[in-house]
Amino acid sequence: MSENTNSTTAVADVIPGQRDADSAPLLQVRDLKKHFPIKGGFPIRRTVGAVKAVDGVSFDVHPGEALGLVGESGCGKSTTGRLLTRLYEPTEGTVTYNGQDISHLNRRQLAPIRSEIQMIFQDPYASLNPRQTVGSIISGPMEINGINPPGGREARVRELLEIVGLNPEHYNRFPHEFSGGQRQRIGVARAVALEPKLIIADEPVSALDVSIQAQVINLLQKVQREMGIAFVFIAHDLAIVRHFSQRIAVMYLGKVVEIADRESLYTRPRHPYTHALMSAVPNADIDAEKKERIRLEGDVPSPISPPSGCRFRTRCWKAQDKCATEEPPLVQISGSNEGHLTACHFPEEPTTVDRGEDIVLDPALAALEESGENA
Amino acid sequence: MLLEVRDLQVEFRTREGVAKAVNGVNYTVDEGETLAVLGESGSGKSVTAQAIMGILDMPPGKIAGGEIVFQGKDLLKLKEEERRKVRGAKMAMIFQDALSSLNPVLSVGAQIGELFTVHQGMSRKDARTKAVELMDRVRIPAAQERVGQYPHQFSGGMRQRIMIAMALALEPDLIIADEPTTALDVTVQAQVMDLLAELQRELGMGLILITHDLGVVADVADRIAVMYAGRIVETAPVHEIYKRPAHPYTKGLLESIPRLDQKGQELYAIKGLPPNLMHIPPGCAFNPRCPMAQDVCRTDVPPLYEVSPTRRSACHFWKETLDAGQ
């Protein structure tokens with residue numbers, strides 16, 4: 001058929017297993033917190049509270065690895081991404097890059113690290129300067145860092161355009177002359193221009209059409225494979241995260257509730273939220289066995305005053321008194337694979353086999369169904 | 001037959017030229033049926049819906065031809081006054097972005113109730129009671145207390161429920177939902193889709209569900225119409241289309257979804273970009289991106305071939321596509 005289907009080469013799953021033995025983590029995040037102050041009051045504006053966007057997050061990223069960060073809107077995944085690139089300064093906790101603590105470095109101290117950690121943003125319309133040509137957008141990072149590649153910057157930009165699948169002749173065009181997918185390719189070219197070691201990709205394909213998403217995912221995968229760049233891949237689309245990342249962290253209300261390698265997480269989710277999240281994803285595969293559908297009630301609580309104990313307890317169907325008083329630690333619980341950490345007092349059985357019927361978590365729905373039976 | 005769209009054509013006049021957003025769309029919806037209209041941005045799926053509802057901005061939009069027959073009447077021949085009676089009462093629409101579709105300075109109760117005061121001449125007090133009933137029906141907790149609240153006091157999922165309540169208010173025969181869950185999180189998306197499907201069954205309405213998400217429609221739709229560059233390229237019952245697509249575009253879309261059972265492999269990607277609507281390629285609009293394109297595809301526009309009594313495909317090589325899918 002087309003050349004695309006023939007070239008389906010598997011990405012080497014090199015990471016799990018040997019990772020811990022012979023490579024030090026590229027990025028170490030420990031108990032990271034970011035609280036945004038809420039100002040209020042009159043006449044003197046005082047801090048009256050804080051939005052606890054990220055509230056104690058820990059994980060490692062190893063060289064060349066892709067770590068997926070998933071969660072619903074407001075769970076703090078994008079804030080985490082911005083903390084890793086030091087676009088924000090953490091309130092508490094540390095971000096260690098290559099053995100160096102970068103959590104509170106100033107602008108000048110950060111300069112050498114900036115070229116090694118790059119970011120790809122969600123909105124390709126807002127993240128490119130409309131008044132700059134593609135050439136100057138992509139050569140910008142080289143200019144700032146005083147890098148003069150052999151053959152000159154222009155030649156390097158043309159090469160990069162070629163790598164990301166754009167016509168090198170379009171060097172002098174402006175962003176508005178490109179479609180959304182092409183703009184995201186420009187964003188990728190800019191991110192890889194300095195051959196970084198780590199790229200934070202914040203929802204890189206969410207704004208794109210379905211037929212274009214696959215093109216950009218393939219491009220990112222090619223870049224990751226060929227240049228050995230580690231990725232933190234932030235997305236809400238579980239299918240895409242699973243496709244792209246070897247290891248996945250699930251976030252809920254500013255905390256990581258479960259982290260595991262892809263296989264373990266998707267086949268044996270232990271945290272009720274992970275389970276619910278997966279069962280909520282509509283499946284385009286009509287032949288797939290009807291999964292148990294877990295319908296969560298309500299919305300994510302406010303991060304200004306998160307629930308005590310386990311933050312998921314207000315929507316959890318397994319919650320007991322203990323969940324309100326004690327915060328569950330993120331640990332490997334019995335029955336889980338090596339490296340599969342879960343923060344839950346009453347974890348799910350390590351399987352996704354059908355439970356027979358739907359769990360209905362919406363109290364209104366349950367009441368309705370009951371009254372329907374009585375009538 | 002509740003609704004029949006016949007050879008609908010919509011153009012937009014712009015400074016650069018005429019953009020043909022819809023180029024001869026045909027589809028039908030029966031009572032109680034759910035038709036999913038699938039397509040990417042610019043495929044004309046929303047413009048078709050706006051033409052049916054009669055909320056197209058004209059100018060710059062212009063209906064260049066075709067008929068929209070709703071309950072036996074051609075809507076395009078009705079006067080604006082008569083049209084207005086149909087809109088809201090007989091057919092209603094749910095939009096993607098509930099926050100910008102609701103009036104921020106009116107309480108939700110007033111906005112739901114307005115339908116009753118305007119269309120049925122109900123008193124304000126009665127309308128408010130009806131609003132509470134409807135909010136209950138779409139499962140908004142504590143409806144009685146929340147009826148006086150404003151849109152910003154509700155979460156995204158709750159706002160979308162209010163939109164659904166407004167659409168249902170006058171018990172229309174047809175509901176058009178334009179990407180009703182695109183702006184919502186997955187767990188909330190499931191809640192809203194379930195609710196919509198349930199109410200539709202309960203009230204026996206026809207439902208046109210416009211979406212770009214192949215997964216969302218698999219659960220709820222009876223039939224699917226796939227649009228590309230202002231045309232329908234394939235229609236089929238939902239189960240058949242997922243198993244054996246009869247158009248290369250549909251096939252490409254289905255293959256480009258990351259499946260849960262394959263990971264790390266390169267995804268199938270449809271090459272190229274959707275066409276510019278001012279310069280739609282001659283012949284089949286999909287031909288520059290199609291892996292099966294032959295000379296005939298570059299010259300002749302494929303008609304909607306009959307694949308089976310319930311299926312149509314606008315591809316010269318639908319047989320080959322169908323066989324390749326096995």
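**Entry 1: A:Arg86**

I looked up A:Arg86 and noted it as buried, at 8% relative accessibility. I use buried for under 20% relative accessible area, exposed for over 50% and partly exposed for what lies in between, with a 1.4 Å probe and protein chains only. A:Arg86 has a positive phi of about 60° although it is not a glycine. I place A:Arg86 in the loop between helix 3 and strand 4 (92-97) of chain A. Helices (H or I, at least four residues) and strands (E, at least two) are DSSP runs, and I number them from the N terminus.

**Entry 2: conventions**

I am working on a predicted model, where local features need pLDDT of at least 70 and side-chain atom pairs count only at pLDDT 80 or more, while totals for chains, interfaces and linings use all residues. Residues are numbered from 1 along each chain as its sequence is written, chains are lettered from A and ligands numbered from 1 in the order in which they are written, and side-chain values use heavy atoms, with hydrogens and water left out.

**Entry 3: B:Asp7**

I also noted a positive phi in chain B: B:Asp7, a residue other than glycine, has a value near 50°. B:Asp7 sits in strand 1 (residues 3-14) of chain B. I list B:Asp7 as partly exposed, with 39% relative accessibility.

**Entry 4: chain A overall**

I find 13 helices and 13 strands in chain A. Of its 375 residues, 52% count as buried. For contacts in chain A with a separation of 6 or more, I read that 64% come from residues 24 or more positions apart; contact means heavy atoms within 4.5 Å.

**Entry 5: the two domains of chain A**

I took the domains of chain A from the assignment, which gives domain 1 (12-40 + 48-252) and domain 2 (269-374); such bounds come from an automatic or database domain assignment. Between them, 10 residues of domain 1 of chain A are in contact with 13 residues of domain 2 of chain A. Domain 1 of chain A and domain 2 of chain A bury about 1,200 Å² between them, and 66% of that is on carbon and sulfur atoms. On the domain 1 side, A:Glu72, A:Leu238 and A:Tyr252 lose the most area to domain 2 of chain A, together 50% of what that side buries. Buried area here is the accessible area (1.4 Å probe) that two parts lose on being put together, summed over both.

I count 2 salt bridges between domain 1 of chain A and domain 2 of chain A. A salt bridge is a side-chain nitrogen of Lys or Arg within 4 Å of a carboxyl oxygen of Asp or Glu.

I next looked at which elements face domain 2 of chain A. Strand 2 (46-61) and strand 9 (247-252) of chain A each supply at least two residues of the side of domain 1 of chain A that touches domain 2 of chain A. Strand 2 of chain A gives the most to that side, with 4 residues. I sorted the residues of that side into 7 nonpolar, no polar and 3 charged. In this sorting Ala, Val, Leu, Ile, Met, Phe, Trp, Tyr, Cys and Pro are nonpolar, Asp, Glu, Lys and Arg are charged, and the others, Gly among them, are polar.

**Entry 6: salt bridges**

A:Glu72 forms a salt bridge with A:Arg315, and I read 3.4 Å between the closest N and O atoms. Both A:Glu72 and A:Arg315 are buried. My search of the whole structure gives 28 salt bridges over all chains. A:Glu72 lies in the loop between strand 3 (66-70) and helix 3 (77-84) of chain A and A:Arg315 in the loop between strand 11 (294-295) and helix 12 (321-325) of chain A, so the pair ties together parts that are 243 residues apart in sequence.

I then looked up A:Glu116 and A:Lys197, whose side chains meet in a salt bridge (3.8 Å, N to O). A:Glu116 lies in the loop between helix 4 (107-114) and strand 6 (117-120) of chain A and A:Lys197 in the loop between helix 7 (180-192) and strand 7 (198-202) of chain A, so the pair ties together parts that are 81 residues apart in sequence. I note A:Glu116 as partly exposed at 23% relative accessible area and A:Lys197 as partly exposed at 41%.

The last pair I looked up is A:Arg156 and A:Glu195, in a salt bridge of 3.5 Å, N to O. A:Arg156 lies in helix 6 (residues 153-163) of chain A and A:Glu195 in the loop between helix 7 and strand 7 of chain A, so the pair ties together parts that are 39 residues apart in sequence. A:Arg156 is buried, with a relative accessible area of 10%, whereas A:Glu195 counts as exposed at 54%. I also find A:Arg156, A:Glu159 and A:Glu195 joined into one network by salt bridges that share partners.
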